Amino acid sequence: MKELVVYIAKELVSKPDSVVVTQEETEGEFKLKLSVAPEDMGKIIGRGGRTARDIRTALRAAAGFKGKLVSLEIVEDAKVS
């Protein structure tokens, strides 16, 4: 799951080196946290949240093959500028 989010995010942002994804895996769920540079937040979220929704949809499809649930939190990394 983590690799999928990293790949998608790095293709969308202008600072791919600032993309950081952490993953917690429990028995029935993947919890992912995506951190990007402040200036890339708009590219990841998209107009009206469409891009973020599409990333989450792709993750749900991939997690469904493994029989797990998935959640994605998108945060701004204040340390990266």
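Strand S1 (residues 20-25) and strand S2 (residues 29-36) run antiparallel and are joined by 6 bridges; two strands pair if DSSP finds at least two bridges between them. The model is predicted: local features need pLDDT of at least 70, side-chain atom pairs count only at pLDDT 80 or more, and totals for chains, interfaces and linings use all residues. Residues are numbered from 1 along each chain as its sequence is written, and side-chain values use heavy atoms, leaving out hydrogens and water.

**Strand pair**
- A hairpin of 3 residues links S1 to S2.
- Opposite Val20 stands Ser35 in S2.
- Strands (E, at least two residues) and helices (H or I, at least four) are DSSP runs, numbered from the N terminus.

**Nonpolar core**
- The largest nonpolar core has 19 residues, among which Leu32, Leu34, Leu59 and Leu72 touch the most other members.
- Two or more residues of this core come from each of helix H1 (2-12), S2, helix H2 (41-45), helix H3 (50-66) and strand S3 (69-76).
- Such a core is a set of buried (under 20% relative accessible area, 1.4 Å probe, protein chains only) Ala, Val, Leu, Ile, Met, Phe, Trp, Tyr and Cys residues joined through side-chain atoms within 4.5 Å.

**Helix packing**
- H1 and H3 pack at an angle of about 155°, their axes 11 Å apart; axes are lines fitted to C-alpha atoms over the stretch in contact, and angles run from 0 to 180 degrees between N-to-C directions.
- The two helices, H1 and H3, are therefore roughly antiparallel, a term for angles over 145 degrees.
- Leu4, Val5, Ile8 and Leu12 in H1 meet Thr51, Ile55, Ala58, Leu59 and Ala62 in H3, where contact means heavy atoms within 4.5 Å.

Definitions and conventions. Buried < 20%, exposed > 50% of the residue type's maximum accessible area, 1.4 Å probe, protein only. Parallel < 35°, antiparallel > 145°, perpendicular 65-115°, else oblique.
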